[in-house]
Amino acid sequence: MQSEFINENVQQSVKKFWREHLRLGEVNFLDIETTGLSPLVHEILEIGIVKIDKEGKISILNHLVKPKGVIPPENERIHGISYTMVQNAPLIEDIFPECIKFLGTGAI
């Protein structure tokens, strides 16, 4: 996830959307990159969450995640995440509490 791409135009579009959909409270968008497609054998490499509140305020949480296994070269070509990039990153179980807290009580 490239949070630097959330520019003023995107923020204005979000605020306009919220004005038109006031019944919504808060929306979270989740982006996950993995070592493959199987939830049984592949692992999360990156987790990104964009939270937009009813005023249109955008909050971002983004973490690279160190897998316990390997990153297949074909997957590295797809998402651009190499083992070098994640070798010092936290394990997924270490960042889950922060992700749940960021999402808020509605996520539990």
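Trainee: So what does the side chain of His63 make a polar contact with?
Mentor: With the side chain of Glu98, at 2.8 Å. Keep in mind that this is a predicted model.

Trainee: Okay. Where does His63 lie?
Mentor: In strand β3, which covers residues 58-64.

Trainee: And does His63 count as buried or exposed?
Mentor: Buried, because its relative accessibility is 18% and the cut-off for buried is under 20%.

Trainee: Which residues does His63 touch, if I skip those up to four places away in sequence?
Mentor: Leu45, Glu46, Ile47, Ile95 and Glu98.

Trainee: Let me follow up on Ile47. What is Ile47 in contact with, leaving aside neighbours within four places in sequence?
Mentor: Quite a list: Leu30, Asp31, Ile32, Leu61, Asn62, His63, Val65, Ile95 and Cys99.

Trainee: Which residues make up the largest nonpolar core?
Mentor: There are eight: Ile47, Ile49, Leu61, Val65, Ile92, Ile95, Cys99 and Phe102. Two elements, β2 (44-52) and α4 (92-103), each give two or more residues to this core.

Trainee: Which element gives the most to this core?
Mentor: That's α4, with four residues. There is also a second, separate core of five residues, and among them are Leu45, Ile71, Val86 and Ala89.

Trainee: Back to β2. How many of its nine residues are buried?
Mentor: Eight of the nine, so β2 is largely enclosed by the rest of the structure.

Trainee: How many bridges join β1 to β2?
Mentor: Eight, and the two strands run antiparallel; β1 spans residues 27-34. As one example, Val27 has Ile52 of β2 as its bridge partner.

Trainee: And how many bridges join β2 to β3?
Mentor: Seven, with those strands also running antiparallel. Here Ile52 stands opposite Ile58 in β3.

Trainee: How many residues are between the strands in the hairpin of β2 and β3?
Mentor: Five. Look for Gly56 in that hairpin, as it takes a positive phi near 90 degrees.

Trainee: Changing topic: where is the place of Gln87?
Mentor: In the loop between α3 (83-86) and α4.

Trainee: One last thing: what separation do the C-alpha atoms of Gln87 and Pro67 have?
Mentor: They are 8.4 Å apart, while the two residues sit 20 residues apart along the chain.

Technical notes: Residues numbered from 1 in each chain as written. Predicted model: local features only at pLDDT ≥ 70, side-chain atom pairs only at ≥ 80, totals over all residues. Heavy atoms only, no water. Core = buried A, V, L, I, M, F, W, Y, C linked by side-chain atoms within 4.5 Å. Buried < 20%, exposed > 50% of the residue type's maximum accessible area, 1.4 Å probe, protein only. Contact = heavy atoms within 4.5 Å. Polar contact = N/O pair within 3.5 Å; in protein donor to acceptor, adjacent residues only side chain to side chain. Pairing = 2+ DSSP bridges.
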